[in-house]
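Q: Hi! Could you walk me through the side-chain packing and pairing in this one?

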Amino acid sequence: MTAQVQEPLNIGVLISGSGSNLQSLIDHIEEGTLSAKISLVVSSRPDAYGIERAKKAGIPVLVMNREAYADTSAANQRIADALKVAGAEYVVMAGYMRMVTAEILNAFPDRVVNLHPALLPSFKGAHAIEDAYNFGVKVTGVTVHFANADYDKGPIIAQQPVEVREGEPIEALEERIHSAEHELYPHVIQLLAEGRVSVCPETRKVRISN
């Protein structure tokens, strides 16, 4: 009997900055440890370095700007339409600093994934690493979750703890959190590619099958 070949998961990636998590996904795909294809990268800023990473990998890029987001609904509809045309099955937010609204969420129900640099539900928002560090927690970490209309409140898929070492500067903590992100995110995308992730309709909790 011939083994069934798994088709790569078609994903779109949303970025706003350096694109280090985008690069991690690209590297894992090229290494053969992630069964995915990035069909489109969307950048919210024309000066994001992640654009260069995408172009170097031969990935099409939709570049947005501040003026495009003046009408949030129209901007999100444009992005959703572009992702659909590209054939994206999942939307992967990788340091995307704009709010994803109904236009995208409804086009990809329970298929918009976000990466947050803290252990949700603690330390929501854009300054999670700094907030956790200043609060004095001994353990922080990384969360991958499905995005929904409530900021940083969607169903949690996976988490990875990161110890806060005594006396370390915040820059060192940030570096180790980013390393954890580059490890956890490709792992979760691979789970999605294998069809092992589902959301219970009643509890809204994520199930991961063996």
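A: Happy to. A salt bridge here is a side-chain nitrogen of Lys or Arg within 4 Å of a carboxyl oxygen of Asp or Glu. Keep in mind that this is a predicted model.

Q: Fine, so how many salt bridges does the count come to by this rule?
A: The count comes to 5 salt bridges. As background, side chains of opposite charge can pair when their charged atoms come close.

Q: What are the closest N and O atoms doing between Arg 45 and Asp 47, how far apart are they?
A: They are 3.0 Å apart, and the two residues form a salt bridge. Arg 45 is partly exposed, at 41% relative accessible area, while Asp 47 is exposed, at 54%.

Q: And which residue does Glu 194 form a salt bridge with?
A: With Arg 196, where the closest N and O atoms are 3.1 Å apart. Glu 194 has a relative accessible area of 36% and is therefore partly exposed. Arg 196 is also counted as partly exposed, at 25%.

Q: What about Glu 168, buried or exposed?
A: Buried, because its relative accessible area is 8% and the cut-off for buried is under 20%. The side chain of Glu 168 meets that of Arg 176 in a salt bridge, 2.6 Å from N to O.

Q: Switching to the inside: how many residues has the largest nonpolar core?
A: That core has 42 residues. Ile 11, Val 13, Ile 38, Phe 146 and Ile 189 are those with the most contacts inside it.

Q: Which helix gives the largest share of this core?
A: Helix 6, residues 170–193, which supplies 11 residues. In general, nonpolar side chains in soluble globular proteins tend to be buried together.

Q: Which residues is Ile 38 in contact with, leaving aside its neighbours within four places in sequence?
A: Ile 38 is in contact with Ile 11, Val 13, Leu 22, Leu 25, Ile 26, Ile 29 and Ile 59. Another core, of 21 residues, lies apart from the largest one. Its members include Ala 75, Met 93, Leu 105 and Phe 108.

Q: Where is Ile 79 found?
A: In helix 3, which covers residues 72–85. Ile 79 is buried, with a relative accessible area of 0%. Setting aside neighbours within four places in sequence, Ile 79 is in contact with Leu 14, Val 42, Leu 62, Met 64, Tyr 69, Tyr 96 and Ile 104.

Q: And how far apart are Ile 79 and Val 63, in sequence and in space?
A: They are 16 residues apart in sequence, with 9.8 Å between their C-alpha atoms.

Q: Now the rings. How many aromatic pairs are there by this rule?
A: The count comes to 1 aromatic pair. Phe 123 and Phe 135 form it edge-to-face, 5.8 Å centre to centre and with 65° between the planes. The pair links distant parts of the chain, 12 residues apart. Phe 123 is in the loop between strand 5 (112–116) and helix 5 (128–135), and Phe 135 is in helix 5.

Q: Is that pair at the surface, I mean, is Phe 135 buried or exposed?
A: Phe 135 is exposed, at 64% relative accessible area.

Q: Last one: which ring does the charged end of Lys 84 sit over?
A: The ring of Phe 108, 4.6 Å from its centre. Arg 98, for its part, lies over the face of Tyr 69, at 4.2 Å from the ring centre.

Terms used: Residues numbered from 1 in each chain as written. Predicted model: local features only at pLDDT ≥ 70, side-chain atom pairs only at ≥ 80, totals over all residues. Heavy atoms only, no water. Buried < 20%, exposed > 50% of the residue type's maximum accessible area, 1.4 Å probe, protein only. Core = buried A, V, L, I, M, F, W, Y, C linked by side-chain atoms within 4.5 Å. Helix = DSSP H or I, 4+ residues; strand = E, 2+ residues; numbered from the N terminus. Contact = heavy atoms within 4.5 Å. Phe/Tyr/Trp six-rings, centres within 6.5 Å; stacked < 30°, edge-to-face > 60°. Lys NZ or Arg CZ within 6 Å of the ring centre and 35° of its normal.
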